Amino acid sequence: QLAESGGGLVQDGGSLRLTCVMSGRTDRIWNMGWFRQAPGRAREFVAAINWSGQAPFYSDSVKGRFTVSRTPNENTAFLQLDNLKPADTALYYCAATAKYRLRVQEEYTIWGQGTQVTVSS
C-alpha cells in the first residue's frame with residue numbers, strides 16, 4: 001500500500017529524490033515518515049512530515065542535507081537527498097501513521113518495501 005521509488009547508485013556528493021505513493025488507504029491524510037536500514041544495522045529514523053505538511057523534522061545525521069515534503073491533501077511524500085555520503089548507503093523505507101510520535105517507528109502501521117540508495121566513494 002506504500003510504494004517507494006527513486007533509489008539508485010550515486011557518487012559521493014550526489015543527489016537523489018525518493019518518492020512514496022500510497023494506494024488503497026485514502027480514507028484520510030496520513031502522517032508520513034522515512035526510515036533507513038544499512039546492512040548489519042538497525043532501522044533508523046530519517047525524516048517525517050505531518051498530514052498538513054507543517055513542521056518537517058530530521059535526524060541529526062541528515063539535517064541540512066535531506067528535505068522531506070509532500071503533495072498537499074494527498075498521501076504522496078518525497079525525500080530529497082543532497083550531498084550524499086557513503087554512510088547514507090541503506091535501504092530507505094516510507095511509512096505512514098495516524099499517530100504523532102513520528103520519530104518512533106513502532107508508531108507506524110503502514111510500510112513500503114523500500115528503495116535502495118548506494119553512495120560510492
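**Entry 1: Asp88**

I started with Asp88, which is buried at a relative accessible area of 2%. I keep in mind that this is a predicted model.

Which residues does Asp88 bridge to? I found arginine 36 as one partner, with the closest N and O atoms 2.9 Å apart. This pair connects distant parts of the chain, 52 residues apart: aspartate 88 is in the loop between β8 (76-81) and β9 (90-97), and arginine 36 is in strand β4 (residues 31-37). I checked burial for both ends, and arginine 36 is buried, as is aspartate 88.

I then looked at arginine 65, whose side chain also meets aspartate 88 in a salt bridge, at 2.7 Å from N to O. Arginine 65 sits in the loop between β6 (57-58) and β7 (66-70) and aspartate 88 in the loop between β8 and β9, so this bridge ties together parts 23 residues apart in sequence. I read 10% relative accessibility for arginine 65, so it counts as buried, because the cut-off for buried is under 20%.

Over the whole structure, the search returns five salt bridges.

I noted one more pair, aspartate 60 with lysine 63, where the closest N and O atoms are 3.5 Å apart. Buried or exposed, for aspartate 60 and lysine 63? Both are exposed.

**Entry 2: the sheet**

Next I traced an open sheet of four strands, and its order reads β1-β3-β8-β7, with antiparallel pairing. Which are the edge strands? They are β1 and β7, each pairing on one side only. I also looked up the angle between neighbouring strands of this sheet, and on average they are turned by 15° against each other, ignoring direction.

**Entry 3: strand β1**

Strand β1 (residues 2-5) pairs with strand β3 (residues 16-22) through four bridges, in the antiparallel sense. I picked leucine 2 to follow across, and its bridge partner in β3 is methionine 22.

Then I looked at the two faces of β1. Leu2 and Glu4 make up the covered face, while Ala3 and Ser5 make up the uncovered one. I jotted down the general rule beside it: in a regular strand, side chains alternate between the two faces of the sheet.

Conventions: Residues are numbered from 1 along each chain as its sequence is written. This is a predicted model: local features need pLDDT of at least 70, side-chain atom pairs count only at pLDDT 80 or more; totals for chains, interfaces and linings use all residues. Side-chain values use heavy atoms; hydrogens and water are left out. A salt bridge is a side-chain nitrogen of Lys or Arg within 4 Å of a carboxyl oxygen of Asp or Glu. Buried means under 20% relative accessible area, exposed over 50%, partly exposed in between (1.4 Å probe, protein chains only). Two strands pair if DSSP finds at least two bridges between them. Axes are lines fitted to C-alpha atoms, for helices over the stretch in contact, and angles run from 0 to 180 degrees between N-to-C directions.
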